[in-house]
Amino acid sequence: MDAVISGAEYGDVLLSLFEKTGIGLAVLDSALRVRAVNDVFSEQCGRPRTAIRNHSFAELLHLSVRSHLLRQFERLIQGDHARVDCQPIATRFEGTGIVGQLAAFPVDNGTDKTQSIVVQFAPERTKESLPPARGQVKLTSLTSRVLEGVAAGDPTARLAAKLFLSRQGIEYHVSLLLRQFKVPNRTALAAKAYSMGIFSIGCWPPKVLPECIRN
């Protein structure tokens with residue numbers, strides 16, 4: 001049975017403790033519904049409090065990190081009380097360019113059963129926010145597979161064998177990707193694709209999100 005948790009249980013004092021630090025704070029119930037947030041978290045999500053409360057936390061996450069983070073939260077719900085701690089670039093919200101570091105801590109009810117989860121989000125301090133991947137980059141099915149191979153570290157010969165193309169064909173598509181992403185080499189290409197959220201986090205070999213592939 002899901003625990004019913006009201007924002008009043010945590011008090012405005014708790015939720016406001018992180019306001020001056022720039023850290024967003026949210027409280028989720030055992031079904032991963034948002035029960036309370038502070039103003040910073042609301043701003044980071046780009047949504048008012050009323051549009052966040054009682055909604056699924058998954059709806060707030062960018063697709064590139066959603067599955068990976070939900071698996072980690074499921075571990076907390078099931079009793080694995082290890083801290084969820086992601087690399088700064090791995091955590092981002094849907095519809096915003098904000099990236100940062102997320103940490104989550106379980107709160108039990110004294111019987112080793114997780115009653116709620118406290119989520120903290122600290123934005124990465126950069127001069128520019130990264131644009132959301134959705135609607136920004138569209139790849140053909142073939143170029144997406146070339147990009148996946150580059151990110152996996154496949155040399156030209158291996159990638160050519162995988163995709164039934166010549167070496168020259170692979171080099172041609174790689175050069176197109178370098179120009180499209182405005183980077184000088186393959187290493188920078190893979191790094192930029194990850195930073196833009198084009199790959200699904202926690203997936204190996206790298207997989208381009210369906211939303212970034214032209215129909």
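Biologist: Does R49 count as buried, partly exposed or exposed, and at what relative accessibility?
Modeller: This is a predicted model, and in it R49 is placed in helix 3. Buried would need under 20% relative accessible area and exposed over 50%. R49 has 23% relative accessibility, so it counts as partly exposed.

Biologist: With which side chain does the side chain of R49 make a polar contact?
Modeller: R49 and V37 are 12 residues apart in sequence, and their C-alpha atoms are 6.9 Å apart in space. The polar contact of the R49 side chain has a distance of 3.0 Å, and the partner is the side chain of D39.

Biologist: How many helices and strands does the protein chain have?
Modeller: From the N terminus on, the order of elements is α-β-β-α-α-α-β-β-β-β-α-α-α-α. The secondary structure comes to eight helices and six strands.

Biologist: Over how many bridges do strand 1 and strand 6 pair?
Modeller: Strand 1 covers residues 24–29 and strand 6 covers residues 114–123.

Biologist: Which residue of strand 6 is the bridge partner of D108?
Modeller: Strand 5, residues 99–108, runs antiparallel to strand 6, and nine bridges join them. For D108, the bridge partner in strand 6 is T114.

Biologist: Is the aromatic pair of F41 and F57 stacked or edge-to-face?
Modeller: The structure holds two aromatic pairs. In the pair of F41 and F57, the ring centres are 6.4 Å apart and the planes are at 25 degrees. Planes under 30 degrees apart count as stacked, so the pair of F41 and F57 is stacked.

Biologist: Why does the pair of F41 and F57 tie together parts of the chain, and how many residues apart are they?
Modeller: F41 lies in helix 2 (residues 39–45), whereas F57 lies in the loop between helix 3 (49–52) and helix 4 (63–77). Both F41 and F57 are buried.

Biologist: What kind of aromatic pair do F57 and F73 form?
Modeller: F57 is in the loop between helix 3 and helix 4, and F73 is in helix 4, 16 residues apart. The centres of their rings are 5.5 Å apart, with 70 degrees between the planes. Planes over 60 degrees apart count as edge-to-face, so the pair of F57 and F73 is edge-to-face.

Biologist: Is F73 buried or exposed?
Modeller: Ring pairs link F41, F57 and F73 into a cluster. F57 has a relative accessible area of 1%. F73 has 0% relative accessibility, and under 20% is the mark of a buried residue, so F73 is buried.

Biologist: What distance separates the end C-alpha atoms of helix 7?
Modeller: Helix 7 has 15 residues, 167–181. At 1.5 Å a residue, the helix should span 21 Å. The model agrees with this, so the distance between the end C-alpha atoms is 21 Å.

Biologist: Which helices are included in what covers the buried residues of helix 7?
Modeller: The buried residues of helix 7 are G169, I170, H173, V174, L177, L178 and F181. Their cover includes helix 5 (141–152), helix 6 (156–163) and helix 8.

Biologist: Which element gives the largest share of the largest nonpolar core?
Modeller: Of the 24 residues in this core, V146, L147, F181, L189 and I198 touch the most other members. Helix 5, helix 6, helix 7 and helix 8 each give two or more residues. The largest share is five residues, and it comes from helix 7.

Biologist: How many residues are in the other core, which lies apart from the largest one?
Modeller: Among its members are L69, F73, A104 and I117. The number of residues in this other core is 21.

Biologist: What separation do the C-alpha atoms of L209 and L63 have?
Modeller: L209 is in the segment after helix 8 (186–195), and it is buried, with a relative accessible area of 8%. Its contacts include H62, L63 and S64. L209 and L63 are 146 residues apart along the chain, and their C-alpha atoms are separated by 7.9 Å.

Technical notes:
Residues numbered from 1 in each chain as written. Predicted model: local features only at pLDDT ≥ 70, side-chain atom pairs only at ≥ 80, totals over all residues. Heavy atoms only, no water. Helix = DSSP H or I, 4+ residues; strand = E, 2+ residues; numbered from the N terminus. Buried < 20%, exposed > 50% of the residue type's maximum accessible area, 1.4 Å probe, protein only. Contact = heavy atoms within 4.5 Å. Phe/Tyr/Trp six-rings, centres within 6.5 Å; stacked < 30°, edge-to-face > 60°. Expected span 1.5 Å × (residues − 1). Core = buried A, V, L, I, M, F, W, Y, C linked by side-chain atoms within 4.5 Å. Polar contact = N/O pair within 3.5 Å; in protein donor to acceptor, adjacent residues only side chain to side chain. Pairing = 2+ DSSP bridges. Lists of a residue's contacts leave out its neighbours within four places in sequence.
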